[in-house]
Protein chains: 2
Amino acid sequence: MIQQQYSSSLLENAVNEFAKLPGIGRKTALRLVLYLLKQSENEVDAFGNAMIRLRKEIVYCRVCHNISDTEVCHICSNQSRDSLTVCVVENIKDVMFIENTQQFKGLYHVLGGIISPMDGIGPADLEIESLVNRVKTGDVKEVILALSTTMEGDTTNFYIFRKLAPTNIKITTIARGIAIGDEIEYADEVTLGRSILNRVEFTNSFK
Amino acid sequence: MIQQQYSSSLLENAVNEFAKLPGIGRKTALRLVLYLLKQSENEVDAFGNAMIRLRKEIVYCRVCHNISDTEVCHICSNQSRDSLTVCVVENIKDVMFIENTQQFKGLYHVLGGIISPMDGIGPADLEIESLVNRVKTGDVKEVILALSTTMEGDTTNFYIFRKLAPTNIKITTIARGIAIGDEIEYADEVTLGRSILNRVEFTNSFK
């Protein structure tokens, strides 16, 4: 696309900014910017300022490192939750996904990524040291590792496992197996094999 | 989706704002907001302020109503363009598309929409009166109607044609026919029929 097509540098600038976002091409960016242009000044102010304020004022919970409005997030400060169980996740999206299942009543620990030498992310770049301290100094009885089943996820799981082993707390990982609603014949062999090895008592699995 | 899933009201607010944009669902909105959160404060400021400034400072060219940084846009103020020919388009995107073809050296007139009773848009909501004044008071020799080939586009074409008829200037419409690269057998019958009626001299069409 040639540059001279934009009849206004303000327009061009806004399109350029939108097109920096992942998955937004220049055509989509133009469409979104023209949509904003049709909204009232107040509405566009609200849009722009929501992003600016988010970035400027966001706080990370000093216990679990989830994003928060307060120094300690609403999950960590919720007295009715089980503070003995800590679920380790890669990022804040995973906290949301697990919260949406409404199956977990413990606390979280957000690593802020997983160990990935290809991307230059080592253990020191993640909240692993703070997890170890949290376990050592706190009342934690069980750490649940809920990372992706990828090479990087497994590496991170193993690294954390080794770091926490001396503390003698219970370390578990989320169940891997055939997804609910999936047919056996379409499952991959590794998953199917694991699901047989890690089989559970019938009554238990259906409660 | 339940509301309590967001651990921060700043995050929730930013996601809500993004999700107002057309074609952006809540999942995409969250992905985009988390991407912004990873950028530097300066970069997010630049993003937000680009939208706010665009809406606040944008100017519409007083001649053609295209968006512009100046009172008269760079197309209308360009002395090397043919000011005798005015191409009527629906919106500013159409100006960009036609400019990209590099086939038109005249000026534009942006209606700001087309007549659409279903959407409650009548002639008075569009820049039709200003087009008539522009033709009556100016030096215009030809008006090219470049609206969509829809019912609304045809209605608008006809309305403008009737308004301009007394001025006795030349009124043309862009050619309708088989698109370049299209095969005859896949063209619709109306288009194919029109392309035969409006056939052009062979040499002419290839120059």
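I took helices (H or I, at least four residues) and strands (E, at least two) as DSSP runs, numbered from the N terminus. I noted that this is a predicted model, in which local features need pLDDT of at least 70 and side-chain atom pairs count only at pLDDT 80 or more, while totals for chains, interfaces and linings use all residues. Residues are numbered from 1 along each chain as its sequence is written, and chains are lettered from A and ligands numbered from 1 in the order in which they are written.

**Fold of chain A.** I read the order of elements along the sequence as α-α-α-β-β-β-α-β-α-β-α-β-α-α. Chain A holds 8 helices and 6 strands. I then looked up the radius of gyration (over C-alpha atoms). For chain A this is 22 Å, well over the 17 Å that the globule rule (2.2 Å times the number of residues to the power 0.38) gives for 207 residues, so chain A is more spread out than a compact globule. Along the principal axes, its C-alpha atoms fill a box of roughly 65 × 45 × 35 Å.

**Burial.** I found that 26% of the 207 residues of chain A count as buried, that is, with 20 or more other C-beta atoms, placed from the backbone, within 10 Å of their own.

**The two copies.** I superposed by least squares on the C-alpha atoms of residues with pLDDT of at least 70 in both copies. A rotation of 180° with 0.0 Å of shift along its axis brings chain B onto chain A, at an RMSD of 0.1 Å. The two copies are thus related as by a two-fold rotation axis. In chain B, the residue that comes closest to the rotation axis is B:Gly48, at 2.0 Å (C-alpha).

Notes. Buried ≥ 20, exposed ≤ 12 C-beta atoms within 10 Å, placed from the backbone.
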